[in-house]
Amino acid sequence: MGRTPAKLDSVCLFCGSSDAADPRYLRAAAEFGQALARAGLRLVYGGGGVGLMGAAARAAHEVGGRVLGIIPDFLIGKERALETVEHVVVTSMHQRKQLFFEESDGFVIMPGGVGTLEEVIELLSWRRLDLHAMPVVFYNPDNFWGPLFALFQHTVDAKLTPPAFMDAWTVVDTVEDIVPALLAGPKAGASPMLTSVT
Ligand code: AMP
């Protein structure tokens, strides 16, 4: 099994960078940032000050939480890097994702667009390859992620993905349930997967 941190200390958040998102989602991101900080956990994220990502980072920082932003140089202006928190500036999206992976012990997915999707798919495809066994928690208001789960199930039904893959994440409907789900760790049924026959 690949990267399997002994203890949960840093949590990476993948979520949308749009300020036009449903205000309930923006509020949920802020609540999550606070909850993480209050649990003594570090927030690792994309480094921007916009959308759900900015809301979560500002809220975590405001209540004294540790925050690490990882931002590619070409996005510093566009995603309005949040100057108040610690940053690492990288030169590519690939480097950014590699650092997310190395600096984090668990992942949270909140509503997001195509950038969030890309990050989630890489994280879960790496899970399918047993490159890590870190907890992955989807915050799923209004069944936001239902179509993605249905697509995953479609690939399982077609015998292109092992059934155990569907245990690679936890789904929660409320922000209060996110940190407990992270602390509970990954679902036991999900590992290892590389040997599973499809
Ligand atoms: P979005 O969900 O599209 O608002 O994007 C959320 C975050 O994902 C933003 O910080 C984007 O910069 C980032 N992002 C977009 N595309 C990629 C990618 N290919 N690799 C890594 N991060 C990405």
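## Ligand shell and fold

The ligand is surrounded by 19 residues, of which Ser17, Gly112, Gly113, Gly115 and Thr116 are the closest; a residue counts as near a molecule if its C-beta atom, placed from the backbone, lies within 6 Å of it. The model is predicted: local features require pLDDT of at least 70 and side-chain atom pairs count only at pLDDT 80 or more, while totals for chains, interfaces and linings use all residues. Residue numbers start from 1 along each chain as its sequence is written.

By residue class, the shell comprises 4 nonpolar, 10 polar and 5 charged members. Here Ala, Val, Leu, Ile, Met, Phe, Trp, Tyr, Cys and Pro are nonpolar, Asp, Glu, Lys and Arg are charged, and the others, Gly among them, are polar.

Helix 4 makes the greatest contribution to the shell, with 5 residues.

The chain contains 6 helices and 7 strands, arranged along the sequence as β-α-β-α-β-β-α-β-α-β-α-β-α. These elements are DSSP runs numbered from the N terminus (helices: H or I, at least four residues; strands: E, at least two). The C-alpha atoms fill a box of roughly 50 × 35 × 30 Å along the principal axes. Contacts join residues whose C-beta atoms, placed from the backbone, lie within 7 Å. Of the contacts with a separation of 6 or more, 75% are between residues 24 or more positions apart.

The largest nonpolar core has 50 residues, and Leu13, Ala56 and Met110 touch the most other members. Such a core is a set of buried Ala, Val, Leu, Ile, Met, Phe, Trp, Tyr and Cys residues joined through C-beta atoms within 7 Å. Helix 1 gives the most to this core, with 8 residues. Beyond four places in sequence, Ala56 touches residues including Leu13, Cys15, Ala29 and Tyr45.

Met193 lies in the segment after helix 6 and counts as partly exposed because it has 19 C-beta neighbours inside 10 Å. Leaving aside neighbours within four places in sequence, Met193 is in contact with Arg128, Asp130, Pro162, Ala164 and Phe165.

Definitions and conventions
Contact = placed C-beta atoms within 7 Å. Buried ≥ 20, exposed ≤ 12 C-beta atoms within 10 Å, placed from the backbone.
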